[in-house]
Amino acid sequence: MVGYCMMSYFPQGFSLKDFPFMFSRLREDIQSVFDRDPAARTFWEVLTCYPGVHAMASHRLAHWLWTHQLHWLGRAVSHLGRFFTGIEIHPGATIGRRLFIDHGMGVVIGETAIIGDDVTLYHGVTLGGTSWNKGRRHPTLENGVVIGAGAKVLGPITVGASAKVGSNAVVIKSVPPGATAVGNPARIIDSVQAEKREQMAGQLGFSAYALAGDQDDPLAKAIHGLLDHAVEVDRRFELLLRKLDEAGVEVKDDLVTTDHFDPKYLSKIVD
């Protein structure tokens, strides 16, 4: 009786032959885990204990139902997947092959998000919208993108192929292909340094959490540069005053007296 009621919900003419083979890419998903997670040990362990793999299997079914106008069933499958994995993927989201969701807890992927192939997401990532309007409102991640833990990518923007977003970054503007964005709001790291990191990451296969210890916030680096420049200007000014004094040129007291400037203290605040 229950089976008859469930079958009556599907479109007329539906048969089990039309049902998607949701495990067709399961082996590929498991292999992507071995490629990008050094903690993975056995096929059975990945199959049974990796929520990212379970979330993708659930999403494929939910997405098929959604695209065949079975919206309630799609949402129900998505909701069950969220309950068991802690990963919320809207059934309307379009996801390519070999998506790797590491740990996964707290990942949210919105309805109009588009994800390419070989993308890596860490826990706490949000691919969200910035508007309540209908239509395109979630980001697009092109092939090979890595999004670090806790990062938020918001709005109908594009993160270019092989780009990386650092942990806890908030991205509200498109990121060029191959670039690395960090901070809140996210800023693009110097391309020369990013290229060196890419070469090192290539030896490992990927950049864990999309952020290494030497990747400073570009805004902090700019402030450090200004502080260094201010110190150099003070040094030259003191040298100029000393030369004027040696030459017998009288300098007004208010020009000599300056506020105390402590660049080391300001540098600690920036860090």
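Reader: Which residues does aspartate 29 touch, not counting residues up to four places away in sequence?

Author: Contact means heavy atoms within 4.5 Å. By that rule, aspartate 29 touches Met56, Arg60 and Arg98. Aspartate 29 sits in helix H2 (residues 26–36). Helices (H or I, at least four residues) and strands (E, at least two) are DSSP runs, numbered from the N terminus.

Reader: What kind of model is this, and how are residues numbered?

Author: This is a predicted model, where local features need pLDDT of at least 70, side-chain atom pairs count only at pLDDT 80 or more, and totals for chains, interfaces and linings use all residues. Residues are numbered from 1 along each chain as its sequence is written, and side-chain values use heavy atoms, with hydrogens and water left out.

Reader: What is the mean pLDDT of the chain, and where is confidence lowest?

Author: pLDDT is the predictor's confidence in each residue, from 0 to 100. The chain has a mean of 79, and 70% of its residues reach 70 or more. Confidence is lowest in helix H1 (residues 2–9), at a mean of 43. It is highest in strand S4 (residues 108–109), at 96. The pLDDT stays below 50 over residues 1–14. Beyond near neighbours in sequence, that stretch has 12 contacts in the model.

Reader: Back to aspartate 29. Is it buried or exposed?

Author: Buried means under 20% relative accessible area, exposed over 50%, partly exposed in between (1.4 Å probe, protein chains only). Aspartate 29 counts as buried because its relative accessibility is 2%.

Reader: Which side chain meets aspartate 29 in a salt bridge?

Author: A salt bridge is a side-chain nitrogen of Lys or Arg within 4 Å of a carboxyl oxygen of Asp or Glu. Arginine 60 is the partner of aspartate 29, at 2.8 Å, N to O. The pair links distant parts of the chain: arginine 60 is in helix H4 (residues 51–67), aspartate 29 in helix H2, 31 residues apart. Arginine 60 is buried too.

Reader: How many salt bridges does the structure hold?

Author: There are 7. Glutamate 28 forms one with arginine 97, the closest N and O atoms being 2.9 Å apart. Glutamate 28 lies in helix H2 and arginine 97 in the loop between S2 and strand S3 (100–101), so this pair ties together parts 69 residues apart in sequence. Glutamate 28 also forms a salt bridge with arginine 98, at 3.0 Å between the closest N and O atoms.

Reader: Which residues make up the largest nonpolar core?

Author: First, the general idea. In soluble globular proteins, nonpolar side chains tend to be buried together. A nonpolar core is a set of buried Ala, Val, Leu, Ile, Met, Phe, Trp, Tyr and Cys residues joined through side-chain atoms within 4.5 Å. Here the largest has 30 residues; those with the most contacts inside it are Ile109, Ile115, Leu121, Leu141 and Ile147. A second, separate core of 8 residues includes Ile30, Val33, Val46 and Tyr50.

Reader: What is the strand order of the open sheet?

Author: Two strands pair if DSSP finds at least two bridges between them. The open sheet has 4 strands in the order S2-S5-S8-S11, with parallel pairing. Strand S2 (94–95) and strand S11 (158–159) are the edges, each pairing on one side only. Strand S5 (residues 114–115) and strand S8 (residues 140–141) are joined by 2 bridges. Isoleucine 114 has threonine 140 as its bridge partner in S8.
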